[in-house]
Amino acid sequence: MSQTLSTDVLIVGGGVAGLWLNARLRAKGYATLLVERESLGGGQSVKSQGIIHGGAKYALHGALSGASEAIADMPRRWREALDGSGELDLSGVRLLSDAHYLWSPGTLAGNLTSFFASKAVRGRVDQVKGEQLPPALQNPKFKGKVYRLAELVVDVPSLIARLAELAGDSLLAADDIQPLHDNDGQLVGLRVDGREIRAQRIVLSAGRGNADLLASLDVPQPAQQLRPLHMVMVKGPSLKPLYAHCLGGGPKPRVTVTSHPSADGEWVWYLGGDLAEADGVARDEAAQIDAARKELSQLLPWIDLSTAQWATLRVERAEPAQSGFVRPDNAFISDQGALLVGWPTKLALAPDFADRVLSHLERDGIRPAAHPALPELPRPVIGRTAWETAF
Ligand code: FAD
């Protein structure tokens with residue numbers, strides 16, 4: 001097949017980062033093409049917990065870090081988009097919860113109590129009691145403190161479906177990607193499944209696929225780090241929706257619970273946090289389910305899990321390499337001439353990722369140009385959730 005196409009911005013990778021960027025660029029009049037090898041959102045995005053962090057989780061040491069300041073505006077931007085009044089029209093995307101909660105099973109460390117009551121977090125972290133508690137915690141046996149965070153939880157499959165709609169005819173299902181150079185050896189596009197696609201700029205937003213793509217384009221930087229997780233899924237008729245970080249002693253949540261609807265009307269609880277990190281990664285599936293079962297029966301003993309179904313999911317978060325393996329604070333973009341490559345590092349930071357690409361385009365004077373209409377192209381499918389496949 002030899003077909004030559006041209007566009008302003010060629011995006012590789014149709015997770016939340018690539019799709020959000022694609023929709024923003026199209027709204028600004030840029031011609032775009034987005035290439036996806038497997039399924040839209042099917043990498044990390046539909047495996048995420050869908051929390052639109054505002055930074056409170058990162059403040060568990062009792063102080064706002066750089067991360068929390070940078071991310072603080074994300075809930076507002078997402079809320080406006082979900083209302084149809086923001087930078088993208090995401091009205092129709094299902095909001096799973098208007099708030100995420102912090103829940104401490106015992107007494108809260110003194111420094112956190114005063115921090116959560118302080119001016120620094122007012123309106124972002126408020127204590128709730130009684131009927132304001134999340135339904136799963138409304139039980140006489142529940143002891144502990146619960147704080148409502150001004151963060152949202154979105155249904156990622158419906159988000160991805162809406163972003164795919166906003167992509168119009170710009171999506172291309174394709175597998176093989178090779179560099180396309182001009183006579184001077186400058187990168188001017190990509191050869192995608194035999195089609196020559198010329199573009200003013202190329203953006204790699206392929207999640208963990210960025211590393212292999214960079215290698216095939218012979219670009220040594222930026223380096224990538226992978227953060228393995230071993231998540232647990234539990235599905236059962238007795239589960240009520242719960243969106244909460246349960247605090248342990250340390251700066252990371254002991255367990256993070258989000259709840260997702262399944263086709264038969266039952267809820268699936270998706271468990272992350274410390275449970276899914278280092279020790280959890282080292283456990284095999286049976287031991288990980290056992291650990292999760294013990295954790296839930298200790299924390300929520302009134303919930304009947306006797307008929308629940310269990311499964312686990314291994315997945316890796318892809319991020320730019322950081323010294324000390326720390327979690328990056330913002331979306332990350334690296335500029336390699338006509339090639340931009342990056343990771344949002346969080347679903348919540350997809351708008352920040354798009355901002356950073358847009359500011360590179362502006363800096364370089366890249367404007368929408370005229371291009372011939374696109375032919376009909378093979379369209380990638382939308383990714384399925386892990387619970388759809390597991391149960
Ligand atoms: P991906 O979603 O991985 O998309 C990359 C796409 O590129 C994939 O579709 C892949 O098929 C495609 N691709 C790869 N290679 C190629 C190639 N050569 N050619 C074409 N296409 C290619 N963040 C939050 O903000 N809140 C949360 O609650 C949250 N929870 C999480 C829970 C888990 C278990 C995990 C793993 C992550 C979580 N995250 C969360 C992080 C968030 O999911 C990611 O930061 C975000 O989804 C990354 O989006 P992306 O578009 O960069 O990558």
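## Basis of the model

The model is predicted: local features need pLDDT of at least 70 and side-chain atom pairs count only at pLDDT 80 or more, while totals for chains, interfaces and linings use all residues. Residues are numbered from 1 along each chain as its sequence is written, and side-chain values use heavy atoms, with hydrogens and water left out.

## Domains

Domain 1 comprises 4-45 + 159-223 + 323-390, and domain 2 comprises 95-153 + 228-317; these bounds come from an automatic or database domain assignment. The centres of the two domains, taken over C-alpha atoms, are 33 Å apart.

## Interface between the domains

Eight residues of domain 1 are in contact with eleven residues of domain 2, where contact means heavy atoms within 4.5 Å. About 840 Å² is buried between the domains, with carbon and sulfur atoms giving 61% of this area. Buried area is the accessible area (1.4 Å probe) that two parts lose on being put together, summed over both. Of the area that domain 1 buries against domain 2, Q44, R327 and W387 supply 62%, more than any other three residues.

One salt bridge is counted between domain 1 and domain 2; the term requires a side-chain nitrogen of Lys or Arg within 4 Å of a carboxyl oxygen of Asp or Glu. The side chains of E316 and R208 form a salt bridge, at 2.3 Å from N to O.

## Ligand surroundings

There are 36 residues around the ligand, and E36, Q44, S45, I51 and A348 come nearest; a residue counts as near if one of its heavy atoms lies within 4 Å of the molecule.

A polar side-chain atom of S45 is 2.6 Å from an oxygen atom of the ligand. The protein covers 96% of the 1000 Å² of accessible area that the ligand has on its own, as computed by the Shrake-Rupley method with a 1.4 Å probe.

Conventions. A polar contact is a pair of N or O atoms within 3.5 Å; within protein, one must be able to donate a hydrogen and the other to accept it, and residues adjacent in sequence count only if both atoms are side-chain atoms.
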